[in-house]
Amino acid sequence: MAETTQRKREVFANKNELSVALAKYTAHLSAKFCKEKGIFTVVLSGCGLIDWLGKLLESPYKESVEWSKWHVFWVDERVCSHEDQNSNYKLAMDGFISKVGIPKENIYAIDKQCAVDGDAERCATLYEEWLRNLVKEKILPLCPNGQYPQFDLQLQGMGPDGHMASLFPERPQIKVTDKWVTHITDSPKPPPRRITLTLPVINSSLYNLMAVCDDHTDQCARSIADIFKNNNLALPAAHLTAQVEQMWYLDKAAASLL
């Protein structure tokens, strides 16, 4: 597995321009992988990402993307009911997935009952078992080192504190390497119970795109500057890499301190 890929970045004037670029990038990779291997494995995150993916629901993408070949996963999830407003699954279903033709069996949400029960550890265990079964079924390949599953594209977001997925500063999950999926019960950002792909799984992805918009403060901008200027590894997002390309899409506010 590659140790690192160069951080590439593009800066956009506003969220709308970033959304246009995000749709173009995702649609391009979808076409590439659907042509090369007949499927496209894409990992979603929560928060603003689903809104920013909204341009895929417009022409020409909604009609041209081969939605039936998509397999959708989550980089992290809040351990709550699928109907809960905190659920990344619900966010993606309501805002994006339900509006395109992705087959239901190609949508890989966390176990419904364990989520309702609030059993984060069990949710993580079952999600990893699911991923391992998909490797056996040849839906997911393993990274060349044979240790971790390899997704085509992961779409990431970064919090103001520099966290990505549910890997937070000063929490031990960032150091987990013997699992594909781990859990957290004391997330500093509510809700506290979550599951998350581990860092080596995230970095085994062929393409990783980190999209960051800084809304009302300069906290994200400070974290972005600390990552790009200082490579501050105390910030989990500073550990992001990929096997082919690591791309950062920033709005003007997020990039203001670079």
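**View 1. Ser 205 is a buried residue in a predicted model.** With a relative accessible area of 0%, Ser 205 counts as buried, because buried means under 20%. This close-up, like the others here, comes from a predicted model. You'll find Ser 205 in the loop between helix 7 (199-203) and strand 8. A polar atom of the Ser 205 side chain sits 2.8 Å from the backbone oxygen of Tyr 207. Leave out residues up to four places away in sequence, and Ser 205 still touches Phe 151, Asp 152, Leu 153, Gln 154, Ala 242 and Gln 243.

**View 2. Here we look into the largest pocket.** Its volume is about 490 Å³. There are 29 lining residues, and the closest to the pocket centre are Cys 47, Gly 48, Met 158, Gly 159 and Lys 189. Which helices and strands each supply at least two residues of the lining? They are helix 2 (49-52), strand 4 (76-78), strand 8 (207-212) and helix 8 (219-230). Sort the lining by class and you get 11 nonpolar, 10 polar and eight charged residues.

**View 3. Trp 52 belongs to helix 2.** Is Trp 52 buried or exposed? At 12% relative accessibility, Trp 52 counts as buried. Setting aside its neighbours within four places in sequence, Trp 52 is in contact with Lys 15, Leu 18, Ser 19, Leu 22, Ala 211, Val 212 and Cys 213. Now pick out Ala 23: Trp 52 and Ala 23 are 29 residues apart along the chain, and their C-alpha atoms are separated by 8.1 Å.

**View 4. Helix 4 (residues 88-95) has several buried residues.** These are Asn 88, Tyr 89, Lys 90, Ala 92 and Met 93. What covers them includes strand 2 (40-44), helix 2, strand 3 (70-74) and strand 4.

View 5. How many disulfides does a search of the whole structure find? It finds zero. Take Cys 123: its nearest cysteine sulfur belongs to Cys 114 and is 4.9 Å away. Cys 123 is in no disulfide, because a disulfide needs two cysteine sulfur atoms within 2.5 Å. Cys 123 is buried, at 1% relative accessibility. Cys 220 is in no disulfide either, with the nearest cysteine sulfur, that of Cys 213, 8.9 Å away. Cys 220 counts as buried as well, at 5% relative accessibility.

View 6. Most residues other than glycine have a negative phi, and most peptide bonds are trans. The peptide bond from Ser 59 to Pro 60, though, is cis, with omega near 5°. Pro 60 lies in the loop between helix 2 and helix 3 (61-64). The bond from Pro 190 to Pro 191 is also cis, with omega near -5°, and Pro 191 lies in the loop between strand 6 (181-184) and strand 7 (194-197).

**View 7. Lys 138 and Ala 165 each have a positive phi.** For Lys 138, phi is near 70°. Lys 138 is in the loop between helix 6 (120-136) and strand 5 (153-157), and is exposed, with a relative accessible area of 72%. For Ala 165, phi is near 50°. Ala 165 is in the loop between strand 5 and strand 6, but counts as buried at 8% relative accessibility.

Definitions and conventions. Residues numbered from 1 in each chain as written. Predicted model: local features only at pLDDT ≥ 70, side-chain atom pairs only at ≥ 80, totals over all residues. Heavy atoms only, no water. 1 Å grid on protein atoms, 1.4 Å probe; cavity = no way out; pocket = protein on both sides within 12 Å on 5 of 7 lines; lining within 4 Å. Points joined across faces, edges and corners; volume = space filled by probe spheres on them. Helix = DSSP H or I, 4+ residues; strand = E, 2+ residues; numbered from the N terminus. Nonpolar A, V, L, I, M, F, W, Y, C, P; charged D, E, K, R; others polar. Buried < 20%, exposed > 50% of the residue type's maximum accessible area, 1.4 Å probe, protein only. Contact = heavy atoms within 4.5 Å. Polar contact = N/O pair within 3.5 Å; in protein donor to acceptor, adjacent residues only side chain to side chain.
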